[in-house]
Amino acid sequence: MEERTLIIVKPEGVARGLTGEILSRFERKGLKLVALKLGRVTPEQARVHYGHHADKPFFPDLIAAITAGPVVFAVFEGENAIRLGRLLIGATNPLEALPGTIRGDLALDSLHNLVHASDGPETARAEIQRFFGVDPGLLGEEEGK
Ligand code: CMP
């Protein structure tokens, strides 16, 4: 199924100079880059984005980490882009992420795991709307797609 997924290169990924390395993993897999920007996650956006973790002990650290500096937002499109995106990033805990995945190859701890990828069609739609401010279905329309 043709899908769009939101990828965020987290602040530690941008700070470590890994943006190109991370985005290239999705491109090399065959997903198509349809939107890209450098920006920041505001504390308000972070609390919504991670709302399902609000009761976790690491929640304050999570908000601090994602708002700590510039991030790169990207939307990739392709067959099963959401499941493929999750496969490419690897498990949340880098100790469990397999070699060959982004986290398995490049990250050391759960909080600083470099990259976010949407985990389902509804969250993908909401996250693209949240960070790009447009309905995902309209991305690329201006190029006459
Ligand atoms: P992500 O899967 O993108 O979204 C939820 C984030 O919560 C996850 O990445 C980690 O950054 C963070 N997280 C999940 N579990 C833990 C944990 N046990 N300790 C610290 N951070 C965590």
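Let's start with contacts, meaning heavy atoms within 4.5 Å. Of the contacts in the protein chain with a separation of 6 or more, 75% join residues 24 or more positions apart.

A word on the source. This is a predicted model: local features need pLDDT of at least 70, side-chain atom pairs count only at pLDDT 80 or more, and totals for chains, interfaces and linings use all residues. Residues are numbered from 1 along each chain as its sequence is written, and side-chain values use heavy atoms, leaving out hydrogens and water.

Now the fold. The protein chain has 7 helices and 4 strands; these are DSSP runs, helices being H or I with at least four residues, strands E with at least two, numbered from the N terminus. Along the sequence the pattern reads β-α-α-β-α-α-β-α-α-β-α. The radius of gyration is 14 Å, close to the 15 Å from the globule rule for 145 residues, so the chain is as compact as a globular protein of that length. That radius is taken over C-alpha atoms, and the rule is 2.2 Å times the number of residues to the power 0.38.

Next, burial. Buried residues make up 47% of the 145. Buried means under 20% relative accessible area, with a 1.4 Å probe and protein chains only.

Take helix 4, residues 59-66. Which of its residues are buried? Phe 59, Leu 62, Ile 63, Ala 65 and Ile 66. They cover an arc of only 165° around the axis, which puts them on the same side of helix 4. The arc uses directions from the helix axis to the C-beta atoms. And their partners? These buried residues pack against helix 1 (11-15), helix 3 (43-49) and strand 3 (71-79).

Terms used:
Buried < 20%, exposed > 50% of the residue type's maximum accessible area, 1.4 Å probe, protein only.
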